[in-house]
Amino acid sequence: MAEVPSSVFSKDSEILVKQSWELLKKDTTTNAVIFFTNIFEIAPAAKDFFPFVKNSTVPYEQNAKLKQHATLVFKMTGDAAVQLGEKGALEALGPGLKKLATKHVTAGVVDAHFEVVKAALLKTIKERLPELWSTELNQAWADAYDALAGAIKIEMHTQI
Ligand code: HEM
């Protein structure tokens with residue numbers, strides 16, 4: 001399997017991502033729900049991927065399944081992002097990567113969807129950390145996300 005280049009993820013980016021994740025993870029569930037709210041605002045059609053959103057009328061913050069799923073995804077993204085510098089994307093995502101890729105392939109996720117999730121993640125960080133936010137912080141998270149998404153997409157492509 002091809003290794004994902006980690007050279008774009010600089011030491012400065014690593015420090016910025018670690019600093020901001022310390023703050024974001026203090027309120028993981030709230031931030032995760034905002035993250036998913038942003039996904040559905042940017043691309044309303046993305047709701048169709050998630051039966052617990054598609055078939056529900058309750059507000060997102062009261063939707064237990066959405067909260068659980070959003071928290072899982074948000075937490076995995078942040079926890080992997082802070083390990084990127086030391087381990088690289090493949091190891092940061094851990095041994096569950098193959099299974100994770102299979103789930104996304106089965107759900108019908110394609111490369112273009114990753115851009116929507118990226119935009120939603122960056123929007124969430126800007127909204128939730130207005131005082132810490134800078135173009136450098138934004139770029140650091142963009143690079144971290146690209147490295148993680150790149151590893152998932154490569155694994156997905158080996159399965160399609
Ligand atoms: C499921 C992470 C990108 C759609 C999941 C799960 C995780 C995850 C941890 C739960 C897997 C499980 O239940 O064991 C991520 C990360 C992403 C990413 C870290 C980007 C870096 C995307 C994108 C989409 C997407 C771009 C497109 C809409 C889904 C769907 C499921 C899922 C539909 C549910 C699959 C199922 O259980 O049937 N993702 N994801 N994900 N993700 Fe993602």
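Residues are numbered from 1 along each chain as its sequence is written. In this predicted model, local features need pLDDT of at least 70, side-chain atom pairs count only at pLDDT 80 or more, totals for chains, interfaces and linings use all residues, and side-chain values use heavy atoms, with hydrogens and water left out.

**Exercise 1.** Determine how many residues surround the ligand, and which elements supply them.

Solution. 
1. A residue is near a molecule if one of its heavy atoms lies within 4 Å of it.
2. The ligand is surrounded by 17 residues, and the closest are His-69, Leu-100, Lys-103, His-104 and Val-117.
3. At least two residues of this shell come from each of α4 (64–81), α7 (97–107), α8 (111–128) and α9 (135–159); helices are DSSP runs (H or I, at least four residues), numbered from the N terminus.
4. The largest share, 5 residues, is supplied by α4.

**Exercise 2.** Identify the protein donor to the iron atom of the ligand.

Solution. 
1. Donors are N, O and S atoms within 2.8 Å of the metal (3.2 Å for Na, K and Ca); water is not among the atoms, so sites may look incomplete.
2. The iron has a single donor from the protein, His-104 (NE2), 2.0 Å away.
3. His-104 belongs to helix α7.

**Exercise 3.** State which side chain has an N or O atom 3.2 Å from an oxygen atom of the ligand.

Solution. 
1. A polar contact is a pair of N or O atoms within 3.5 Å.
2. The side chain of Lys-103 provides the N or O atom at 3.2 Å from the ligand oxygen.

Key. Polar contact = N/O pair within 3.5 Å; in protein donor to acceptor, adjacent residues only side chain to side chain.
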